Amino acid sequence: MSEMTNVTRRTFLKGAGAVAGTALVAGGYNIVHPEGAVAEEAPVEVKYTYCDMCNHVPKCGIAASIKDGKVVRVEAREKYPADPICAKGISSLQELYDPHRITYPMVRTNAKGGGAPEWEPISWDDAYARIAHEFNRIKEESGPESVLFYCGDPKEPRGAMQRLATLFGSPTYGSESSTCAAATWICSQLVTGQLTMGSDPTDATASCLVWSLNPAWSQPYRFGDMMKHKERGCKFVVVDPRITPTVTGLADVHLQLRPGTDGALALGFIHVMLRDGLYDREFVEKWTHGFDELASYVQEFTPERVEEITWVPAAKLEEAVKIICENSPATLVSSSAGACHATNVGNFQRAVYSIIALTGDLDVAGGLSMGPGLPFDYSASTAAFRLENMYAEKGLQDIRYDKDDFPVWAHYFKMIQTAHLPELVADGKIRAGLLLGVNSMMWPQTPEYQKAIKDMEFTVAIDYYMRPWTHDLVDMLLPAAMCYERMAPPAVFGRKIFHRDPVVEPMGQCREDWQIILEIGCALGFEQECFGGSVEAALDDMYRGAGIDISLDLLRAHPEGYEVPGGVKGERKYVDGLLRKDGKPGFNTPTGKIEFVSEILKRYGFEGLPVFEEPVHSPVSTPDEAKDYSLVLNSGSRVPYYTHSKLRDLPWLNQFMPDPVIRLHPDDAEKRGIAEGDQVRVFNQFGEVVMNAEITNLVLPGVVDVFHGWHQADINLLTTRDFDPITGFPPFRSGLCEVERTGKGRIVA
């Protein structure tokens with residue numbers, strides 16, 4: 001059991017500068033261990049790691065002072081691309097030394113569904129033996145695809161988990177990207193042929209379109225850079241249904257739209273561009289496909305019509321178009337999820353990418369950058385692990401469960417869309433699961449996914465903590481090491497790579513997630529392919545197989561980071577055939593051009609144009625329903641001190657928002673007799689939760705903004721399972737609800 005640190009609220013606020021919740025920390029912060037926990041005479045050694053308290057991007061640098069095997073101080077790492085650290089990074093110390101951590105493997109001793117779980121310790125060897133027995137039994141009876149291999153948060157072990165799934169012969173590998181960044185990845189590739197979420201402004205950028213992102217809260221290090229570009233004269237257009245700190249800090253024009261109508265707004269943007277000739281005709285004529293069809297379709301999306309649909313004043317739309325088109329080069333910054341949680345995302349995000357394509361500011365200084373990077377992401381790389389050939393050799397694409405339900409998703413990813421997990425379990429197609437960082441609350445209609453986890457014959461969870469709403473439903477729970485205690489994977493910034501070694505020993509019997517996955521692989525019979533369970537050997541193999549002439553020893557020899565030589569440089573690389581594998585000019589799309597009309601979508605029976613459709617539940621599409629549930633439900637926005645459902649019980653952060661909160665406009669609150677801090681019931685025909693009311697003009701009248709991730713007030717109970725057919729994404733941000741006052745006082749967890 002770890003020691004609880006003795007830090008007062010006042011000390012934390014002073015050290016973190018966290019009163020506003022967004023402050024970055026350039027200085028250091030000490031942690032006070034219980035008396036006797038650290039030998040006072042022990043020397044202090046500074047070691048380096050990176051933080052994972054957000055979503056494993058950007059991996060902000062930490063310099064950790066180690067004394068007697070314990071971290072006693074953290075500060076921002078100097079000469080490192082992502083710094084300084086924020087209040088969440090400082091609070092990683094409280095997470096590391098939290099006495100509620102799981103520190104040894106546990107196995108359930110009573111039947112699932114038979115009341116509260118009863119647990120007893122199990123050795124790692126016995127745990128691995130049982131996992132191997134159950135998985136191999138089910139593989140023999142129903143095929144390897146009957147076992148689900150899943151990565152939630154942390155995301156860092158994705159490469160290792162996918163390697164294990166592929167070795168096992170299962171295409172049933174999934175991740176939390178089923179509801180996160182993958183919709184944006186798909187849409188960017190459908191239009192441009194490249195996976196991108198946009199490009200941040202550089203010194204050459206004249207204007208920036210920020211679509212559904214609030215980095216002031218979710219990525220403060222990034223917001224600081226944007227503010228610097230604002231100060232030098234870069235213009236910003238921000239699209240968001242709320243008035244966020246990003247809006248107040250950056251926006252020259254704020255397009256505050258009704259949630260779920262992004263597609264109409266983007267098409268209206270394009271309408272004005274074409275009407276006024278504010279696009280790059282030469283680029284469009286030579287390098288785009290489907291322009292005439294798009295031009296014809298957007299005729300109906302006049303600014304006046306768009307105002308009716310989106311609630312954005314026509315004059316503001318006109319002004320925004322001029323800012324982006326008359327200040328060139330322009331770039332686009334989109335979010336990993338944001339507005340993507342809508343039933344029209346597969347089309348609306350394509351319209352957003354089409355805006356920047358029409359400017360012609362692709363692969364130019366200050367515009368939307370393009371081109372191949374290093375074969376690594378935040379979790380390592382399937383390419384570096386050479387899984388593509390193995391996946392094909394085993395014929396895994398042909399036995400995927402999601403290839404008919406979500407064919408476009410299956411076209412792009414070697415991971416399944418987990419939207420239909422309840423159906424797959426109910427039909428006996430998935431019978432067991434290895435679930436790392438799984439959270440049953442991440443899906444709409446949470447109870448259906450909880451039932452799916454419970455109904456699998458054998459499930460193993462790997463996590464930091466025991467979370468009853470998920471772990472009460474599994475058979476085994478294994479303890480994972482945290483960022484200070486683990487090695488893999490590297491941090492990558494452009495072509496610069498930073499290796500990480502553990503700075504302290506894992507707490508109790510905790511093991512690094514990569515190690516756990518590799519050791520399970522060995523138990524399943526893949527001793528050689530899983531490197532005998534060695535994380536070092538796995539990393540070295542990954543590096544040496546990446547084709548960029550690096551190794552683990554090389555990276556360790558460069559603690560300041562290693563800049564990989566080479567790379568494809570220059571502007572407009574599409575002209576010289578530097579973006580396509582076949583070396584031909586153009587983009588990585590079927591036509592070799594930017595596709596305003598997607599040939600891949602047409603191949604799978606979808607409309608090629610980015611057509612706009614109302615949300616399944618909205619004041620327009622279901623007016624009768626809106627009579628009973630008159631408020632638009634926008635859920636899922638970030639706050640500065642939490643990451644999704646993580647960190648809610650860390651006292652240093654919980655003090656800023658201890659209870660579930662719903663934000664209402666003053667007009668809506670007055671109509672319902674609701675005052676600031678009142679306890680309210682948020683409900684529709686699908687579910688209900690109780691939260692505290694925050695009255696603010698930061699949201700539009702007729703719209704409520706709900707922070708997600710509260711187990712005692714799971715807002716996803718109110719979200720339907722109406723999935724976007726292209727991406728499989730749920731409509732977290734575009735439903736309907738009603739709010740009524742129930743009383744005063746705090747919510748009891």
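**Salt bridges and a domain interface**

A salt bridge here is a side-chain nitrogen of Lys or Arg within 4 Å of a carboxyl oxygen of Asp or Glu. Helices (H or I, at least four residues) and strands (E, at least two) are DSSP runs, numbered from the N terminus.

Before going on, a word on the source. This is a predicted model, where local features need pLDDT of at least 70, side-chain atom pairs count only at pLDDT 80 or more, and totals for chains, interfaces and linings use all residues. Residues are numbered from 1 along each chain as its sequence is written, and side-chain values use heavy atoms, with hydrogens and water left out.

Back to the pair. Is Arg663 buried or exposed? Arg663 is buried, with a relative accessible area of 11%. Glu694 is partly exposed, at 22%. The cut-offs: buried is under 20% relative accessible area, exposed is over 50%, and partly exposed is in between (1.4 Å probe, protein chains only).

How many salt bridges does a search of the whole structure find? The search finds 44. Take Arg137 and Glu457, with their closest N and O atoms 3.2 Å apart. Again, the pair links distant parts of the chain. Arg137 is in helix α3 (residues 124-142). Glu457 is in the loop between α18 (446-455) and β17 (458-463), 320 residues apart from Arg137. Arg137 is partly exposed, with a relative accessible area of 25%. Glu457 is partly exposed too, at 39%.

Now a local case. Arg305 forms a salt bridge with Glu308, and the closest N and O atoms are 3.1 Å apart. Both residues lie in helix α12 (residues 303-310). They are three residues apart, about one turn of the helix. An α-helix has 3.6 residues a turn, so residues three or four places apart point the same way. Arg305 is partly exposed at 40% relative accessibility. Glu308 is exposed, at 57%.

Next, the domains. The assignment gives domain 1 (42-97), domain 2 (109-179 + 385-563), domain 3 (197-369 + 588-604) and domain 4 (623-743). Those bounds come from an automatic or database domain assignment. I'll stay with domains 1 and 2. Their centres, taken over C-alpha atoms, are 26 Å apart. In contact are 28 residues of domain 1 and 23 residues of domain 2. Contact means heavy atoms within 4.5 Å.

How much area is buried between domain 1 and domain 2? About 2,100 Å², and carbon and sulfur atoms give 59% of that. Buried area is the accessible area (1.4 Å probe) that two parts lose on being put together, summed over both.

Between these domains the count is one salt bridge. Arg486 forms a salt bridge with Asp52, with the closest N and O atoms 2.8 Å apart. Both residues also belong to a network of salt bridges that links Asp52, Glu156, Arg486, Arg500 and Asp513.

There are also eight residue pairs in polar contact between domain 1 and domain 2, both residues at pLDDT 80 or more. A polar contact is a pair of N or O atoms within 3.5 Å; within protein, one must be able to donate a hydrogen and the other to accept it, and residues adjacent in sequence count only if both atoms are side-chain atoms. On the side of domain 1 that touches domain 2, β3 (44-50), β4 (61-67), β5 (70-76) and α2 (87-96) each supply at least two residues. The largest share, five residues, comes from α2.

Now helix α4 (residues 158-168). Here 11 of the 11 residues are buried, so α4 is largely enclosed by the rest of the structure. Among them are Arg158, Met161, Arg163 and Phe168. After α4 comes Gly169, with a positive phi near 95 degrees.

Last, some backbone details. A cis peptide bond joins Asp153 and Pro154, with omega about 15 degrees. Pro154 lies in the loop between β9 (147-151) and α4. The bond from Ser328 to Pro329 is cis as well, with omega near 5 degrees. Asp363 is not a glycine, and its phi is positive, near 60 degrees. Asp363 is buried, at 5% relative accessibility. Arg572 also has a positive phi, about 45 degrees. Arg572 is partly exposed, at 38%.
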